[in-house]
Amino acid sequence: MKHPLPLKTLLLGALGALSLLTAHTARAATITWSDPVTIAGDTDVSTTGTLLYAYDWNNSAQTVNGVPFAGTAVSSGNVGTNLTLSAWSGTGTQVITSPSLGNAAPAINLPTAYVNILDGQAYYSGTATVTLNSLTFGRQYQIQIWIDDSRSFGATRTETVGGGGSVSSTIVDCQDIEGALGQYIIGTFTADATTEALTFAPDTGGVVGINAIQLRTLPITGTPIFSPGAGTYIGAQAVTITSEAGATIFYTTDGTTPTTSSPHGTSPLNNIITIPVSSSMTINAYATNSAEADSPIASATYTAVTAASAGTWSN
């Protein structure tokens, strides 16, 4: 006969599960940021990987460099199920095409669709956040953010963008010169929760802004292949490890998990490892490539025997 658990045990179990869930969703992944780049043309817009979504705060649906942006005017709350904005106070328009404060080169010479996604901005006089929602745990993402105010109204502005445990980057927003352009920044991260909060903090000028954002998933580098495959072999055996062209392969020969500090080389690693006679070895390897997510870890165990031992049976 089964006995029901005491109510206290059930409550403690439920609270423990809830705390684990909260911890899982509250963590923030480290973002690796590139250096900020001055806006120059529609090829600024990344097409690496696969687009999940892209928004602009000019509330204008536009396609730039093949990437479709949905317009929004949300400055507080949810943008569909994809984004949550906190502490932004409003949105403004004509930050490039203002008849009195802007509308000048080089900003006005950008392709029309690019001008249209950059011509609006959510803003706040203080620190604000944008939270990315509905992420998949363990998947690698690329985030791109544009910040620009091409008007001249007596204030130069920069702001600092960060997220997770990453080193934040300072981005030029407004140079107080009619037609001068701001910057965009690209970051990559591996999701360790279902959300990721980005912080925007004022540097000079006391105001933060965001004009556009896109989130993309990165392709996965090919999983390493061992040749010959795992198994028992007569005599010493050399092993080759391959992945896709140009990939860097990191490997270990003691069964431990490879890291960026492990031995490595560019694929293919021909006859890189030799299993001596009368020994066994477990090789673990993963591959990484530019603008791609790291591959899964591949593993193979080998045993090299002498011809005599290969013909010996025991029971």
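Biologist: Does F200 count as buried or exposed?
Modeller: This is a predicted model, in which local features need pLDDT of at least 70, side-chain atom pairs count only at pLDDT 80 or more, and totals for chains, interfaces and linings use all residues. Residues are numbered from 1 along each chain as its sequence is written, and side-chain values use heavy atoms, with hydrogens and water left out. Buried means under 20% relative accessible area, exposed means over 50%, and partly exposed is in between (1.4 Å probe, protein chains only). F200 has a relative accessibility of 0%, so F200 counts as buried.

Biologist: How many aromatic pairs are there, and what kind is the one between W88 and F200?
Modeller: Rings of Phe, Tyr and Trp (its six-membered ring) pair if their centres lie within 6.5 Å; planes under 30 degrees apart are stacked, over 60 edge-to-face, and the rest tilted. By this rule the count is seven aromatic pairs. For W88 and F200 the centres are 5.3 Å apart and the planes stand at 65 degrees, which makes the pair edge-to-face.

Biologist: How many residues apart in sequence are the parts that the pair of W88 and F200 ties together?
Modeller: Helices (H or I, at least four residues) and strands (E, at least two) are DSSP runs, numbered from the N terminus. W88 counts as buried at 4% relative accessibility, and W88 lies in the loop between β7 (83-86) and β8 (90-93). F200 is in strand β15 (residues 196-202), so the pair ties together parts whose separation in sequence is 112 residues.

Biologist: Which residues of the largest nonpolar core have the most contacts inside it?
Modeller: A nonpolar core is a set of buried Ala, Val, Leu, Ile, Met, Phe, Trp, Tyr and Cys residues joined through side-chain atoms within 4.5 Å. In soluble globular proteins, nonpolar side chains tend to be buried together. Here the largest core has 30 residues, and those with the most contacts inside it are L83, L132, I145, F189, F200 and I213.

Biologist: Which strand supplies the largest share of this core?
Modeller: Strands that each give at least two residues to the core include β3 (50-56), β10 (128-132), β14 and β15. The largest share is four residues, and these come from β11.

Biologist: Why is β11 largely enclosed by the rest of the structure?
Modeller: On one side of the strand, Q140, Q142, Q144 and W146 are buried, and on the other Y141, I143, I145 and I147 are buried too. Strand β11 (residues 140-147) is therefore largely enclosed, the number of its buried residues being eight of the eight.

Biologist: Over how many bridges does β11 pair with β14 and with β17?
Modeller: Two strands pair if DSSP finds at least two bridges between them. With β14 (residues 183-190), β11 pairs in the antiparallel sense over eight bridges, and there Q142 has T188 as its bridge partner. With β17 (residues 212-217), where I143 stands opposite L215, the pairing is also antiparallel, over six bridges.

Biologist: What is the average twist in the open sheet of β18, β20 and β23?
Modeller: The three strands run in the order β18-β20-β23 with antiparallel pairing, and β18 (225-227) and β23 (269-275) are the edge strands, each pairing on one side only. Axes are lines fitted to C-alpha atoms, for helices over the stretch in contact, and angles run from 0 to 180 degrees between N-to-C directions. From one strand to the next, the twist averages 30 degrees.

Biologist: What is the phi of A87, and what is that of N271?
Modeller: A87 lies in the loop between β7 and β8 and counts as partly exposed at 33% relative accessibility. N271 lies in strand β23. Neither is a glycine, yet phi is positive in both: about 80 degrees for A87 and, for N271, near 50 degrees.
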